[in-house]
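Subject: Structure handover

Dear colleague,

I am passing on the structure we spoke about, and you will find it directly below. My notes on what was found follow it, arranged by topic so that you can read them alongside the view.

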Amino acid sequence: MIVIIDYGMGNLGSIANMLKQIGTLATVSGDVKQIEAADRLILAGVDAFDAGMQRLRERNLIPLLVDKELKEKVPFLGICLGMQLLTRRSEEGQLPRLGWLDAETVKFRFDGIQNRLRVPHMGWNEIRCRLITRCWPIWARSLVFILYIHIMSAATNGRMCWLRLIMGSIFKQLLGAPTF
Amino acid sequence: VILPRVIPCLLLRNTSLVKTIRFKNPIYVGDPRNAVKIFNEREVDELVLLDIQATPQNTAIQYDLIREIVTEAFMPIGYGGHVTNVDDARKLVTLGIEKIILCTAAAQNPLLVSQLARVIGSSSTVVCIDYKKNPRGKHEVFVHGGRKGTGKDPVEFGREMEKCGAGDLIINPIDRDGTLQGYDLPLVQAIAQSVGIPVIACGGAGKLDDFRLAVKAGASAAAAGSIFVSQGKHRAVLINYPMRNDVRQIFLNIAERG
């Protein structure tokens with residue numbers, strides 16, 4: 001069973017709706033027992049970084065998630081804030097992150113770049129999957145995300161997820177990879 | 001390539017969707033939950049939902065209805081209408097709203113924009129700039145559903161909002177609302193050139209090509225009401241949205257035709 005972790009952040013119902021649409025059942029739950037029993041986990045969310053980490057802490061979910069990920073190695077999908085929480089550090093917050101991704105959450109910098117992109121950007125986009133040597137060290141992990149994207153993509157013509165290039169939310173090493 | 005967004009802008013009045021002309025004469029166009037289902041099928045990028053009565057009539061945010069709408073939706077929804085403090089915004093985000101749109105509150109209390117940017121993030125903090133020409137012939141930002149002037153110039157106001165941490169600016173000329181005469185392109189351009197955040201053109205779109213013109217003028221997204229909720233000369237109510245590929249084609253044309 002897929003569990004979408006309910007820690008009081010963001011539009012989890014829409015993720016459940018979307019999974020239902022492609023024929024997959026998922027439960028939205030913050031219940032320790034249900035999360036323990038899950039064989040797939042999704043961590044989503046909208047909000048500031050510290051607020052997200054704080055809520056996970058308040059609900060005593062951190063040790064549980066660490067167990068699920070590091071011991072059981074269940075597939076884990078981070079979306080938006082959920083993905084950012086998996087990094088080691090964020091430029092937008094102080095609290096320590098889960099840190100499973102050897103990456104940092106940093107702001108876009110366009111100094112000296114012509115044709116700068118306007119950020120934050122959020123919208124449907126076409127994604128292309130490219131292997132970038134620079135991000136090899138985290139490739140094994142990011143593969144989880146990428147695989148998910150592809151599985152979901154296949155069912156919905158590549159438009160399952162909205163690309164989210166939030167100010168301060170893109171992984172340096174993951175540029176060109178799943179940055180939503 | 002980042003594809004520009006095309007955003008239906010839905011107006012809520014009590015529990016119904018309405019469409020206005022120049023912010024007046026609301027006509028009923030449907031039930032918001034049903035509209036969202038139709039927009040889901042068309043893979044709409046994003047929705048803007050504005051409660052046009054909440055601030056002018058000082059009514060409470062309709063959390064229950066908003067929850068029902070959001071739960072139906074596959075796409076991110078921005079909500080505006082009488083959000084006056086961080087707690088309102090948090091509550092809306094918790095029940096699934098992706099972006100908080102401030103209009104009156106942003107003009108009256110720019111500090112709230114900074115607070116929201118810090119608490120829910122810039123990407124979820126949107127400022128809607130309603131403006132029209134004042135008697136002196138200058139553009140002026142209006143609040144309270146177009147009823148009260150602020151003395152602020154929309155371009156300067158846009159810049160101020162970016163500094164406060166807004167992540168999107170909606171450019172909404174009151175006099176074009178519902179008129180189908182096209183966007184206010186000079187102002188879209190002026191604001192887009194003076195800020196680095198995405199600018200959403202709104203108010204006046206009458207045909208798909210207007211989206212292209214907005215993007216050419218520097219907008220990152222095009223929002224529209226009338227053309228997504230009505231059709232034909234007599235404005236028969238019809239919730240609709242172009243096929244994804246048609247939208248894509250419009251923007252690809254920019255590269256070819258300029």
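Leaving aside residues up to four places away in sequence, Val6(B) touches Val44(B), Asp45(B), Glu46(B), Phe211(B), Ala222(B), Phe228(B), Tyr241(B), Val247(B) and Phe251(B). Please keep in mind throughout that this is a predicted model. Val6(B) belongs to strand 1 of chain B, which covers residues 5-13, and Val6(B) counts as buried because its relative accessibility is 0%, where the cut-off for buried is under 20%. Val6(B) and Val18(B) are separated by twelve residues in sequence, and their C-alpha atoms lie 19 Å apart in space.

After helix 8 of chain B comes Gly218(B), which has a positive phi, near 115°.

Two residues other than glycine also deserve a look for their backbone angles. Most residues other than glycine have a negative phi. Asn14(B), however, has a positive phi near 50°; Asn14(B) sits in the loop that links strand 1 to strand 2 (16-21) of chain B, and with a relative accessibility of 47% it is partly exposed. His144(B) has a positive phi near 55° and is placed in the loop between strand 8 (139-143) and strand 9 (148-149) of chain B, but His144(B) is buried, at a relative accessible area of 16%.

Two helix pairs in chain B can be described next. The axes of helix 3 (residues 86-94) and helix 5 (residues 110-119) of chain B come within 10 Å and cross at roughly 40°, and the crossing of these two helices is right-handed. On the side of helix 3 of chain B the contact involves Val86(B), Ala89(B) and Arg90(B), which meet Leu112(B), Gln115(B), Leu116(B) and Val119(B) of helix 5 of chain B. The residues of this contact are five nonpolar, one polar and one charged.

For helix 6 (residues 154-164) and helix 7 (residues 185-194) of chain B, the axes come within 9 Å and cross at roughly 35°, again with helix 6 of chain B passing helix 7 of chain B in a right-handed crossing. Here Pro154(B), Val155(B), Arg159(B) and Glu162(B) from helix 6 of chain B meet Leu187(B), Ala190(B), Ile191(B) and Ser194(B) from helix 7 of chain B. This contact is made up of five nonpolar residues, one polar residue and two charged residues.

As for cysteines, the structure holds zero disulfides over all chains.

Finally, a word on chain A, which has six helices and nine strands. Of the 180 residues in chain A, 53% are buried, and the accessible surface of chain A is about 8,600 Å², with 52% of that belonging to carbon and sulfur atoms.

Notes: Residues are numbered from 1 along each chain as its sequence is written. Chains are lettered from A and ligands numbered from 1 in the order in which they are written. This is a predicted model: local features need pLDDT of at least 70, side-chain atom pairs count only at pLDDT 80 or more; totals for chains, interfaces and linings use all residues. Side-chain values use heavy atoms; hydrogens and water are left out. Axes are lines fitted to C-alpha atoms, for helices over the stretch in contact, and angles run from 0 to 180 degrees between N-to-C directions. Helices (H or I, at least four residues) and strands (E, at least two) are DSSP runs, numbered from the N terminus. A crossing is left-handed if the near helix is turned anticlockwise from the far one by less than a right angle, and right-handed if clockwise. Contact means heavy atoms within 4.5 Å. Ala, Val, Leu, Ile, Met, Phe, Trp, Tyr, Cys and Pro count as nonpolar, Asp, Glu, Lys and Arg as charged, and the others, Gly among them, as polar. Buried means under 20% relative accessible area, exposed over 50%, partly exposed in between (1.4 Å probe, protein chains only). Accessible areas come from the Shrake-Rupley method with a 1.4 Å probe; for residues, only the protein chains shown count as cover. A disulfide is a pair of cysteine sulfur atoms within 2.5 Å.
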